[in-house]
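Hi there,

Here is the structure I promised to pass on.

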Amino acid sequence: MKADRAQLELLLKTARGQIDGILKMVDEDRYCLEISTQISAAASLLKKANRTVLRSHMDHCVRQAVADGTVDTKLDELTLLLDKLTD
């Protein structure tokens, strides 16, 4: 993986911290909308982390596949992933 590891780790660790906080909120029987707000924030961080990984994939792996002449395989992989992400 060629993504900026420090940035990706920070995003994922922050999301993990938020999820731990959400679990604590559930244990404390906090107000539903407060919990929902925190779930949305954690989901946004995970989406940002995923975009970082996908951007890196396109910048490195797909570019390399273009140079190698194997781009069709990478495009097929991306198509399958996009199908999963948009379901």
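Is Glu28 buried, partly exposed or exposed? Glu28 is partly exposed, because its relative accessible area is 42% (buried means under 20%, exposed over 50%, and partly exposed in between, with a 1.4 Å probe and protein chains only).

Before I go on, a word on the basis: this is a predicted model, in which local features need pLDDT of at least 70 and side-chain atom pairs count only at pLDDT 80 or more, while totals for chains, interfaces and linings use all residues. Residues are numbered from 1 along each chain as its sequence is written, and side-chain values use heavy atoms, with hydrogens and water left out.

**Salt bridges**

Searching the whole structure turns up four salt bridges (a side-chain nitrogen of Lys or Arg within 4 Å of a carboxyl oxygen of Asp or Glu). Glu28 takes part in one with Lys24, at 4.0 Å from N to O, and in another with Arg30, where the closest N and O atoms are 3.6 Å apart. Arg30 also pairs with Glu34, with 3.1 Å between the closest N and O atoms. Lys24 is exposed, with a relative accessible area of 52%, whereas Arg30 is partly exposed at 35%, and Glu34 is partly exposed at 35%.

Asp29 sits in the loop between α1 and α2 (32–68); helices are DSSP runs of H or I with at least four residues, numbered from the N terminus. Asp29 is not a glycine, yet its phi is positive, about 55°. With a relative accessible area of 67%, Asp29 counts as exposed.

**The helices**

α1 has 23 residues and spans 33 Å from first C-alpha to last, close to the 33 Å expected at 1.5 Å a residue (the expected span is 1.5 Å times one less than the number of residues). Its buried residues are Leu8, Leu11, Ala15, Ile22 and Met25, and they pack against α2 (contact means heavy atoms within 4.5 Å).

α2 has 37 residues and reaches 52 Å between its first and last C-alpha, close to the expected 54 Å. At Met58, α2 bends by about 30°, the bend being the angle between axes fitted to the seven residues ending there and the seven starting there. The buried residues of α2 pack against α1 and α3 (71–85). One of the buried residues in α2 is Ser56, which has a relative accessible area of 8%. Leaving aside residues up to four places away in sequence, Ser56 touches Lys2, Ala3 and Cys61. After α2 comes Gly69, with a positive phi near 80°.

**A nonpolar patch**

Which residues form a nonpolar patch on the surface? They are Leu12, Ile19, Leu23 and Leu46, with about 340 Å² of accessible area together. Such patches are made of residues with over 30% relative accessible area and no salt bridge, nonpolar side chains (Val, Leu, Ile, Met, Phe, Trp, Tyr) being joined within 5 Å and like charges within 9 Å. The areas come from the Shrake-Rupley method with a 1.4 Å probe, and for residues only the protein chains shown count as cover. Helix α1 (residues 5–27) gives the most to this patch, with three residues. Leu12 lies in α1 and counts as partly exposed, at 40% relative accessibility.

Best wishes

Methods. Helices (H or I, at least four residues) and strands (E, at least two) are DSSP runs, numbered from the N terminus.
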